[in-house]
Amino acid sequence: MALRSAVPLLLMLLLLGDLRANTEENEVRAMVGSSVELTCNYTREENFDLNDLYVYWQISVAGRLETVTYLSSNSSVGYGNNQYKDRAQMSLDRMRRGDFSLTLYNITPQDEQKFNCLVIRNLVKIVNIEVMLHVAANYSMPVVSVPSSTSEDEELTFTCMSKDGYPEPKVYWINKTDNSLLDEALQNSTVSLNPRGLYDVVSILKIRRVPNINVGCCIENVLLHQNLTVSSQTALASEINGSITESVNDTLKHPGNTSEQTGTGLIVLIVLGVAVAVVVAVFLGRRSWCPHWNYAGTSRCPSFKARAGVD
């Protein structure tokens, strides 16, 4: 340990002893990229002389204890692990009041582990608290690819993708007609860690063709109690809308490439001409909008502003 030369032998024995004896255990959850406070308090007193204290926050690395941050006998805070040097903080003012909590910044998936808070005063262990930090990240909304098969195919293949979540997800395929779960034997899911340390998932479903098929892909984050579901019909509608938009944009960008585009352009001009003619007719005949039905009551003819949606 880096502090071996600065710590008395008896203190070393305390640090290397069984820290689980009389240890209070707590759990806390934090989102990736956020900050979290690991609570460690001594409630029996409110006034502490920092010169009498040794405070250690430690983690277990490869089976051995490693110090994250510490308060030494000269009332200075140091760091024993470089990955926490700029991300871990204890407050001297709060420690004087018996609050030895540790604040961690910019949480990463690698921070998911047990942190041990050890407070020693005059070589007597007064606090020994273990905090389990659980880390989570929201998965992206699943993207479902619908099959581009022909009507003769007996089997359909759907693909579902989601990324940047934590911890590892559970994947379900659902029959949306009755919301029943499909047999897991029909799907093949692959989960991988990306460079950010988060999980990406790809799931492939192969199912027999049936009329009006509608399946849904569900990505579950158990830690966050979160379920994200997208149905194949929603994906198909989005795909069709995208194809239509792309076709219209292509027509507008290349109006003279083919005879079909020329025909489409003529249709657009005809429709615009008809629309102009209708607008002109409305202006000229706005006083005769109300038909002369045989009605005994009062007949009101709406004004042009009212029909145009103007108050």
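The structure is a predicted model. The protein has 311 residues, and 34% of them count as buried. DSSP runs give 5 helices and 17 strands. The accessible surface of the protein is about 19400 Å², with carbon and sulfur atoms making up 52% of that area. Among contacts in the protein with a separation of 6 or more, 59% are between residues 24 or more positions apart.

**Nonpolar cores**

In soluble globular proteins, nonpolar side chains tend to be buried together. The largest nonpolar core of this model holds 50 residues. The members that touch the most other members of this core are Leu38, Trp57, Phe100, Leu104, Phe115 and Leu133. Strand 9, which covers residues 124–136, gives the most to this core, with 5 residues.

Leucine 133 can be followed in more detail. Leaving aside residues up to four places away in sequence, leucine 133 touches Val28, Ala30, Val36, Leu38, Leu104, Ile107, Asp111, Glu112, Gln113 and Phe115. Among these partners, Leu38, Leu104 and Phe115 are also listed with Leu133 as residues that touch the most other members of the largest core.

**Backbone features in loops**

The peptide bond that joins tyrosine 166 and proline 167 is cis, with omega at about 0°. Proline 167 lies in the loop between strand 11 (155–165) and strand 12 (170–175).

Two asparagines have a positive phi although neither is a glycine. Asparagine 179 is in the loop that runs between strand 12 and strand 13 (180–181). Asparagine 212 is in the loop between strand 15 (199–208) and strand 16 (215–221). Their values are set out below.

| Residue | Phi | Relative accessibility |
|---|---|---|
| Asparagine 179 | about 60° | 56% |
| Asparagine 212 | about 55° | 69% |

Are these asparagines buried or exposed? A residue counts as exposed when its relative accessible area is over 50%. Asparagine 179 has a relative accessibility of 56%, so it counts as exposed. Asparagine 212 has a relative accessible area of 69% and is therefore exposed as well.

Technical notes
Residues are numbered from 1 along each chain as its sequence is written. This is a predicted model: local features need pLDDT of at least 70, side-chain atom pairs count only at pLDDT 80 or more; totals for chains, interfaces and linings use all residues. Side-chain values use heavy atoms; hydrogens and water are left out. A nonpolar core is a set of buried Ala, Val, Leu, Ile, Met, Phe, Trp, Tyr and Cys residues joined through side-chain atoms within 4.5 Å. Buried means under 20% relative accessible area, exposed over 50%, partly exposed in between (1.4 Å probe, protein chains only). Helices (H or I, at least four residues) and strands (E, at least two) are DSSP runs, numbered from the N terminus. Contact means heavy atoms within 4.5 Å. Accessible areas come from the Shrake-Rupley method with a 1.4 Å probe; for residues, only the protein chains shown count as cover.
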